[in-house]
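Work through the exercises below with the model open. Each task is followed by a solution in steps.

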Amino acid sequence: MRTVLVTGAGGAGRTTLAAATALAGARQGARTLLLTTQSSAPEAVLGVRPGVAEPSAIAAAPGLYARRIDPAERFRQEFLAFQERAGAALDLLGAAPLDEDELTELPGSESFALLHALRTAHASDAWDLLVVDMPPTAETIRLLALPAQVRRYLRRLLPAERQAARALRPVLAQLAGVPMPAQKLYEAAERWERELAAVQRVVDAPGTSVRLVTDAGPIATATLRSVRAGLALHGRRTDAVLVNRLLPTGSADPFLAGLSGSQQTALKALRAEFPDVPVHEVPHLGRDPQGIDEVGALLDGPTGTLTPQEPTEAPADPWTVEDRLASEGILVWWVPLPGAQREGLGLVRRGDEIVVTVGRFRRIRTLPSALRRCTVSGAALRDGSLEIRFTPDPGLWPRTAPSD
């Protein structure tokens, strides 16, 4: 399955261009599903209200389906299921259970609902192309990093080795007469781990990419530079930049000519900033596009290959270790960070982990085994990559036996 995650700044038109991307895929013969959390915009664009429980077929576009994710309903289902599983413990504490009609979704519910829908769509094996109308860019980066981060928290708070006595817990529960809280806690952690691992496999899949939507304003280049660095930090691939609402050039109206000129200047800067990523121009229709014909006209030009292709192998880890022991006595960990600036770049080692900060974004990774026996001896940002130098620690590095 090919998965395209469409994101952009608020107001840039990402929902419209997510619909246009899905329509382009369906017209190429792919069984396509558009996922969105928006309630009104997809209906105005496609002319059909997306289904909630099940995807709705778009009659005017054979092969295209749309589904709206309802975070509130998902939150209620999850909370009620948790409340039922924890019923015995809640009764022991004298807690009164909550009714469905008094539950209101909490902040962050939309992110979990979207990730769940993404995993469910992949597990159904019913689609060739999945297009997801994502939240704004900064939120999208954090959302895509969420599965790995939560799994790390679970490993730290509930390490697997503490579950060795799992077989004793049912016996203790029978003796106590109530389910043991620790048993329920570990069972929940195991369930979360399975679900998060499944989501992470989808996000990390070679067929998953991010498509950025932007306008051609004066701050677009700087904004997308930061966004691209954040995506790269978490290993996310940008497959295209869609520059939305471009005015035609050569207008006789001085105001429109000046505005078009500034857009073309910004467009040129974006192409220079993304030399290895296709930058596509999306015309301004003079109004918000409505209906299949107008949405389809937005991406009539080349938009990258949307025809789904089955990956032949998993993507290689972009963080690579270079062995310079023989020449310089060091190992180098290369971290690709296109768009990163020295300002706002941070690097901290915590035991066997390294913490890399790029502006607003942060990632924690476990060191490869060889680097755990080294000390960090320096770092530099060169040509869009962070070079972290490691020197072997004499107290930890295996000694070479002297030759006779």
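**Exercise 1. Two tryptophans**

Determine whether W319 and W333 are buried or exposed, then describe how their rings are arranged.

Step 1. W319 and W333 are both buried, where buried means under 20% relative accessible area, exposed over 50%, and partly exposed in between (1.4 Å probe, protein chains only). The model is predicted: local features need pLDDT of at least 70, side-chain atom pairs count only at pLDDT 80 or more, and totals for chains, interfaces and linings use all residues. Residues are numbered from 1 along each chain as its sequence is written, and side-chain values use heavy atoms, with hydrogens and water left out.

Step 2. Searching the whole structure gives two aromatic pairs. One of them is edge-to-face, because the ring centres of W319 and W333 are 5.2 Å apart and the ring planes stand at 75 degrees. Rings of Phe, Tyr and Trp (its six-membered ring) pair if their centres lie within 6.5 Å; planes under 30 degrees apart count as stacked, over 60 as edge-to-face and the rest as tilted.

Step 3. W319 belongs to the loop between helix 11 (291-298) and strand 9 (320-324), and W333 to strand 10 (residues 330-336); the pair links distant parts of the chain, 14 residues apart. Helices (H or I, at least four residues) and strands (E, at least two) are DSSP runs, numbered from the N terminus.

Step 4. Look for charges on the ring of W319. The charged end of R363 sits over this ring, 5.3 Å from its centre, and the charged end of R365 sits over the ring at 4.9 Å from the centre. The criterion is NZ of Lys or CZ of Arg within 6 Å of the ring centre and within 35 degrees of the ring normal.

**Exercise 2. Strand 1 and its partners**

Which strands pair with strand 1, and how many of the residues of strand 1 are buried?

Step 1. Check the cover. Strand 1 is largely enclosed by the rest of the structure, because seven of its seven residues are buried.

Step 2. Sort the residues by side. In a regular strand the side chains alternate between the two faces of the sheet. From strand 1, R2, V4, V6 and G8 point one way, while T3, L5 and T7 point the other way.

Step 3. Identify the partners (two strands pair if DSSP finds at least two bridges between them). Strand 1 (residues 2-8) runs parallel to strand 6 over six bridges, with L5 opposite V210 and G8 bridged to V213. Strand 1 is also parallel to strand 5, through five bridges, and R2 has L129 as its bridge partner there.

Step 4. Continue to strand 6 (residues 208-214), where seven of seven residues are buried. T208, V210, L212 and T214 lie on one side of strand 6, and S209, R211 and V213 on the other. Strand 6 also pairs with strand 7 (residues 238-246), in the parallel sense over five bridges; T214 stands opposite V243.

**Exercise 3. A buried aspartate**

Which side chain makes a polar contact with that of D133?

Step 1. D133 lies in strand 5 (residues 129-133). D133 has a relative accessible area of 3%, so D133 is buried.

Step 2. The side chains of D133 and T15 form a polar contact of 2.7 Å. Such a contact is a pair of N or O atoms within 3.5 Å; within protein, one must be able to donate a hydrogen and the other to accept it, and residues adjacent in sequence count only if both atoms are side-chain atoms.

Step 3. With residues up to four places away in sequence not counted, D133 touches several residues, including V6, R14, L35 and L114. L114 is among the buried residues of helix 5.

How values were computed: Contact means heavy atoms within 4.5 Å.
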